[in-house]
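The sequence and the model are shown first.

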2 protein chains.
Amino acid sequence: MAMNDTPPSVIGRTALAVEVTDRLRQMILEGRLKPGEKIREKLLTEEFGVSRTPLREALKVLASEGLLELIPNRGAIISRQSDAEREEIFLVLSTLEGLAGELACEAATDEELQEIARLTDALRPQFEARDRRSYFSLNQAIHNAILNASHNETLIRSHALLAYRVQRARYQANPTAHLWERAVDEHEAIARTLLARDGARTRLLMTAHLRKLSSLTAEEEAGRGPGPGAIAGE
Amino acid sequence: MAMNDTPPSVIGRTALAVEVTDRLRQMILEGRLKPGEKIREKLLTEEFGVSRTPLREALKVLASEGLLELIPNRGAIISRQSDAEREEIFLVLSTLEGLAGELACEAATDEELQEIARLTDALRPQFEARDRRSYFSLNQAIHNAILNASHNETLIRSHALLAYRVQRARYQANPTAHLWERAVDEHEAIARTLLARDGARTRLLMTAHLRKLSSLTAEEEAGRGPGPGAIAGE
DNA sequence: GCATTGAATTATGCATTCATTATTCAAGTC
DNA sequence: GACTTGAATAATGAATGCATAATTCAATGC
């Protein structure tokens, strides 16, 4: 009998289709492919140096993720999302993050909670320095850490799928200093309830924290790439 | 200039890859392809009468939905899910359905709420007749109606994606008569809070309603197809 | 007798080719 | 002059073919 069970990451080579999927997703998220833009398979195959087969497989996957739309016999266009759609997504995201907070209170290790607290402590200095780029990536790290601390893979994946689709909007949201600081306050409060393992309260705080962002994101379509734009203060 | 905007469902022919995706998904959900089973591309291409190209695109999509796993150079196997995974999924689903209930209280039309109430009224007779098949499909219709009444497409899609993965478990859950009746009670309570447009309470009831199911689903792996098995009383 | 090795077979990954549908653009008509 | 028609072009959809990796199974050695 063969010994089975996926060997622990022995495979060095990544499948070409997966590679293409990831690169394309990145291009969309970074705004190198703009919403509404039509995808020319030929151009991309040349840029990636692969044939149409893996590219088309990638397009199918990204379409099922909602990042682009496939129109029969007319190719793919990058999904352009309305304000209404963004609000929908934020509403679902806020609920999922609330659940993550609640679960983290039960499932997280002490070390994980400590790490979240540590990251949160670093947040206010970035706000005070008005360093949006650093703040944004630190903020994202905190949210991800809480998600991971839920120890619920399904939740983590569902969240990631939706988070993709509003990443640019989050990045470009432009809060006032006052709102930004309140976001920092909220993060500190969340860190405290997490440490206290107060699930119900953590859920409420996290849901509320994220729902506020929904009103901060503005229509930006047909934009000129990411640029040095504003950054969400969530 | 060409008049554009997708013509309202003029296209009669569905793309082959989409067709294959749907049929394969159905086969998995119905248990015709059992968890852990390896997929032979050749066999399926012969059964469907298509080439490997659209089939492989379908596999990529279903893998991204979590219905099967693609192992590089070793093909696809139907995802076998552990009790733990099922619990994860139910936890997320319960939260999403709770949100759907909450949103429905704000967004639903009176007609939609009436329809939900009407469906709910038909539930108890099915329980009393112990007609599991009818009960199950009616129950599913109610849940879908509430989801749709949320008028949040993102929520509806996210929910559907996860619901796929526990459909069989839901179908096969075998509640006691007592638990089954309590599920009916809960549904009636939910219908009432919906009609009253009491969002917060609807959310609580729906989340609780679904979380109970999590403990009802049992490991069944390597099963012998769907069979006339038990049906969830949610 | 059992494990190990390696050739033959089979399946998957990707590229290429063929068929079909959309798009473009020029010619003709009203 | 604007609209319609249709041929030429280009793009997408699907099938086939080729290269490579995995599996099988028999032969050999211990």
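Helix 1 of chain A passes helix 2 of chain A in a right-handed crossing; a crossing is right-handed if the near helix is turned clockwise from the far one by less than a right angle, and left-handed if anticlockwise. Here helices (H or I, at least four residues) and strands (E, at least two) are DSSP runs, numbered from the N terminus. The model is a predicted one, in which local features need pLDDT of at least 70 and side-chain atom pairs count only at pLDDT 80 or more, while totals for chains, interfaces and linings use all residues. Residues are numbered from 1 along each chain as its sequence is written, chains are lettered from A and ligands numbered from 1 in the order in which they are written, and side-chain values use heavy atoms, with hydrogens and water left out.

Two packed helices are described by the angle between their axes and the distance between the axes. For helix 1 of chain A and helix 2 (residues 41-48) of chain A, the axes come within 12 Å and cross at roughly 110 degrees. Axes are lines fitted to C-alpha atoms, for helices over the stretch in contact, and angles run from 0 to 180 degrees between N-to-C directions. Helix 1 of chain A is therefore roughly perpendicular to helix 2 of chain A (angles under 35 degrees count as roughly parallel, over 145 as roughly antiparallel, 65 to 115 as roughly perpendicular and the rest as oblique). Val20(A), Arg23(A), Leu24(A) and Met27(A) of helix 1 of chain A make the contact with Leu44(A), Glu47(A) and Phe48(A) of helix 2 of chain A, where contact means heavy atoms within 4.5 Å. By class, this contact has five nonpolar, no polar and two charged residues; Ala, Val, Leu, Ile, Met, Phe, Trp, Tyr, Cys and Pro count as nonpolar, Asp, Glu, Lys and Arg as charged, and the others, Gly among them, as polar.

In chain B, helix 7 (residues 132-149) and helix 9 (residues 177-195) pack at an angle of about 30 degrees, with their axes 13 Å apart. Helix 7 of chain B is therefore roughly parallel to helix 9 of chain B. Their crossing is left-handed. Among the residues that make this contact are Tyr135(B) and Ile142(B) of helix 7 and Trp180(B) and Val184(B) of helix 9.

The description now turns to the DNA. Of the 19 residues around DNA strand C, Leu16(A), Ser51(A), Thr53(A), Arg74(A) and Arg56(B) come nearest; a residue is near a strand if one of its heavy atoms lies within 4 Å of it. Sugar and phosphate account for 72% of the atoms of DNA strand C that come within 4 Å of the protein. Helix 3 of chain A gives the most to the surface near DNA strand C, with three residues.

Around DNA strand D there are 18 residues, of which Arg56(A), Leu16(B), Ser51(B), Thr53(B) and Arg74(B) come nearest. A polar side-chain atom of Thr53(B) is 2.7 Å from a base nitrogen of DNA strand D, whereas Ile39(A) places a backbone N or O atom 3.3 Å from a phosphate oxygen. The largest share of the surface near DNA strand D, three residues, comes from helix 3 of chain B.

Note on methods: Polar contact = N/O pair within 3.5 Å; in protein donor to acceptor, adjacent residues only side chain to side chain.
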